[in-house]
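Subject: Handover of a structure and notes on its contents

Dear colleague,

Please find below the structure that I am handing over to you.

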Amino acid sequence: MTSPVIASIRLLIRDWRGGELGVLFSALLLAVSVVVAISGFVNRLQFNLERESASFLAADLVVSSSKPIPAPWMDEASASGLAQGETITFSSMVISADDEMFLASVKAVGGAYPLRGALSVDKGLSQASTDIPEPGTVFLAPRLVQQLSASVGDEVYVGDATLTVAGTLLSEPDSTTGFFGYGPRLVMNTANLDETGVVQPGSRVTYRLLVAGETDDLTTYREWVEPQLVQGQRLSSVDESQPGIGATLDRARGFLLLAGSLGVMLAAAAILVAARRFGERHTDQVAVMKSLGATRATIRQLYAFSLAWLGLISIGLGSGIGWLAQSAMFNALAGQLPSEITRIGIAPYITGAVTAFVCIGFFAWPPLARLGGVSPLRVIRREETIADATRSTDLVLGTASLGLLMLWYSSDWKLTGALIGSIAITVGLGFLVAQTLLTGSRQVGSSAGSVWRLALAGMQRRGTSSAFQVVIFGIAIMLLLVLTSVRTSLLDQWRLQIPEGTPNHFILNVAPTDESSLLTFFAERDIEVGELYPAARGRVMAVNGQPLPDWDRFEEGARQREANFTSTDTAPEGNKIVSGAWWEVGTELSLVSLEDGFADDIGAKVGDMLTLRIAADEFSVEVASIREVNWESMQPNFFVIFPDKLLEQFPNTLFTSFYLEPGEKYRLGELLDVMPTLTIIELDVAIQEIKTIIDQVSQAIELVLLIVLVAGALVLIAGVSASVDERLHESAILRALGAGRGTLSGAVAIEFATMGSLAGILAILGSETAGWVLQTQMLDLEYQIQWVLWPMGIALGAVIIGTLGTYACRRVVSVPPLQVLREL
Amino acid sequence: MIKTSQLIKRVSTAESELEILRGIDLEIKRGETAAIVGASGSGKSTLLGLLAGLDAPSSGEITLDGVNIVNLDEDERATLRSEKVGFVFQNFQLLPALTALENVMLPLELAGIDSAREKSEGFLSRVGLAERFHHYPRTLSGGEQQRVAIARAFASQPLILFADEPTGNLDTTTGATVVELLFGLNKEEGTTLVLVTHDNILADRCQRKYIMTAGHLEEAS
């Protein structure tokens, strides 16, 4: 016996030349290319987006503390190979040389700050800089420059230190961290911190240690620091500190994983179809080979080696195509993405290779393994067939392997479960519905015209294989529907998250007496301003008479919390009452509504009595309701809300929000000239950045959807081609018997359109199930039954499958019958 | 060379069990030519399949070159076929993806014979297809395809050649040419030839002629 390696290469070359390998090879190539392209693209995109969103923190990870960061923490960061920087923020009066004074939010920076993102500073005379201020110098935010009438080169005083203004701070990456520093920013070097004498024991200061580096090192560091954190210390990554961005990125990641997993499933479906066809086409060949003396083992070895070669070639070529595809996708987004060049890494290729071998092992191999069992007697009696008994085992094994592959790929059991579950539904219902309808259609067909009769009889004659085709079409259409509808919900949700005109500035500390002049100010300038809410700073002291430990004591569990209290008699929009009920308008009862996280922190539930303190007044209220707040909304949100009548009794200020066009920032200065005691929080930069990120991931999602659509189309083509041989033979006989080409192509079109609409029904059932699980459980989106998809899915199934089928079977009606009969 | 005793083959159908061969006793000596004739469905092809070791009998003995093949499993029978048996089929059974030459080489490759190519070229030339080595079956006429099949059957130099209706798909003239080739090569190679046919003229050229009637075999006088 010739070595099986050589024999298998020979078999492969001959099959290739004979055109037998085309579909199987394309399917394998598709699997590898799609997986490499999508996972490569996702890796790069994720890396870039994480880098970009990390600029919200100016780091990958931040430790913040109300006390100086312990030195060993910095040493450990160095030892872990992480880059580090520090910031120390506090509020302080800044005084100009002309004795102008203004309360600023001072940030002293040192080390390699900022580790992610960059400062943008105008140093005057058209000089720009991204460096931190030199010792002895400061950068001032434009509003501070305006308030202090200072310019570059002037001196300003922070506490006891005299510092020189070196530039105007245009933007800083971590501008949104720590809303407590309300004033306009002053950035100085940590080297001058001691000189100021401002930071004393007991002053309200936030120390931050910023670190950045490789993911593994960060994880190690996080695991090292986390157990050492005490009250007043916090560790945060961008996901935790920016829930809006964190959730956006999470959903984008989820979607891309979903898309990649669907790519794998579609490819597996294509391989399954192609291998079945390959196996069927090789049955006669194997019978001849066995009659010529090939043993079962020889045949199995031959095909196993052939498949292995095919796998290796697909992996090599598919990796190349995948690389090209991901780099094309990346380039298409080039203008939108940060310029940082990232490599795709080895992981996508490994994923591609593993996918190829799982697909080969569990989808392509079983039908070929069965070839070993072909009876050599088939050379004399064609009706000798291979035992079908193992098919259901194949299906179970295949589905299980696909499940494991997806689980490995997505590390998400919900996603895997949802997809495998919906596929099981499609397959199960599919065979049931298909078989029933196919039988029914024969009865309808027998009373119909000749084209219909021919079409429905053909479909019924091919019973199981028609059902198999319907199921494959159904799965492909279902996966595409799932992806399309998830994409649509996701994009809609993102659009709603930050609609045009979302308030990008907040005003605090409006004295009730200033309310009307504030409204006049905005009305005169045609700026729309939001509702004015009363606000009072207060503290929760006790729950049900049990005093809470205060914040600074290092104890686990419930503790005192300070918060901005507000009042309203109507539940705020976007808040969801999770327990209790909202009070009646105008109530005079002493009630309170708490945010759920806040309620957890103090250990309170509906019906509990809270003891609260505003300024020096202590009073008691009953918890009426607990709310879930959407922190991603960028709208004013509150931890503690009272009825209007209750808060009126306490001294309070007002606060509101408004939207300012980018070119109108100078209005802030005008406002502070009129009402210098106001505090303004500027969120415009943060909102803009979130919008940019959303735009980028939206485009990425559209591109990935496109690739998966192509994969889906290929599955449909593979499915349609699967029955071409049999049809060729039948149509040759029918044409020899005098059937016209019109009749035959009509029958083919009707047959495929009927299968397509059946597949459409299955697809909709499956996609609604999968869509429900994915959207509610995984992507945290609202789920709505997409009624519009129902007629569309059925019609599209009929049109697409009908057209593809008629096209793939064009040879069936165009090749002379004699040629077909001789070839077969 | 070939000997059977009380060979019985039954198959189960949906309704009942069908006895296709009802106790066949047969002996064909080395180098002899034998024809099995009979009506369609009489069991000729079933017998051929059993003699060639393509199928196993329900009971009885089959000895091929001294080996009782009834006791062999499918793989052992395959090995025996590769060493001792050649086939010519009514529908040629050439592999469409392989050229004429590759089709002839296939059994030699399966048997691991080194000089497969030279041998195959030789046999193809002997059947008059020296100009057709690299043609695919679909581009060959029926007669040419059967000649490729004959070259393939003889190339592995089998002890026994089984032919199932070798002229069944051919016109009279082409059929006659193929028959000449078959008998000519058989004589040159000293092969034992067992053929199944409807064609009495073909059957009469064999040294022995058996008639199959409803599962019973009788030697014609």
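Is B:Arg30 buried or exposed? B:Arg30 counts as exposed, because its relative accessibility is 54%. Here buried means under 20% relative accessible area, exposed means over 50%, and partly exposed lies in between (1.4 Å probe, protein chains only).

Two remarks on conventions come before the findings. This is a predicted model, in which local features need pLDDT of at least 70 and side-chain atom pairs count only at pLDDT 80 or more, while totals for chains, interfaces and linings use all residues. Residues are numbered from 1 along each chain as its sequence is written, chains are lettered from A and ligands numbered from 1 in the order in which they are written, and side-chain values use heavy atoms, with hydrogens and water left out.

Salt bridges

A salt bridge is a side-chain nitrogen of Lys or Arg within 4 Å of a carboxyl oxygen of Asp or Glu. By this rule there are 28 salt bridges over all chains. One of them joins the side chains of B:Arg30 and B:Asp65, at 3.0 Å from N to O. This pair links distant parts of the chain, 35 residues apart: B:Arg30 is in the loop between strand S2 (17–28) and strand S3 (33–38) of chain B, and B:Asp65 is in the loop between strand S4 (59–64) and strand S5 (67–68) of chain B. Helices (H or I, at least four residues) and strands (E, at least two) are DSSP runs, numbered from the N terminus. B:Asp65 is partly exposed, because its relative accessible area is 24%.

B:Glu32 forms a salt bridge with B:Arg208, and the closest N and O atoms are 3.1 Å apart. These partners are 176 residues apart, with B:Glu32 in the loop between S2 and S3 of chain B and B:Arg208 in strand S9 (residues 208–213) of chain B. B:Glu32 counts as buried at 16% relative accessibility, and B:Arg208 counts as buried at 16%.

In a further salt bridge, the closest N and O atoms of B:Glu74 and B:Arg77 are 3.3 Å apart. Because B:Glu74 and B:Arg77 are three residues apart in helix H2 (residues 74–84) of chain B, about one helical turn separates them. Both B:Glu74 and B:Arg77 are buried. In chain A, a network of salt bridges links A:Glu524, A:Arg525, A:Glu664, A:Arg667 and A:Glu670.

Surface patches

Patches are made of residues with over 30% relative accessible area and no salt bridge; like charges are joined within 9 Å, and nonpolar side chains (Val, Leu, Ile, Met, Phe, Trp, Tyr) within 5 Å. A nonpolar patch of about 370 Å² is made by A:Ile425, A:Leu429, A:Leu432, A:Ile761 and A:Leu765. Helix H12 (413–446) and helix H21 (741–778) of chain A are the elements that give two or more residues to this patch. H12(A) gives the most, with three residues. A:Ile761 lies in helix H21 of chain A and is partly exposed, with a relative accessible area of 34%.

Cysteines

The structure holds zero disulfides over all chains, a disulfide being a pair of cysteine sulfur atoms within 2.5 Å. A:Cys359 counts as buried, at 0% relative accessibility. B:Cys206 is buried too, with a relative accessible area of 8%.

Yours sincerely,
A colleague

Technical notes:
Areas by Shrake-Rupley, 256 points an atom, 1.4 Å probe, with all protein chains shown as cover.
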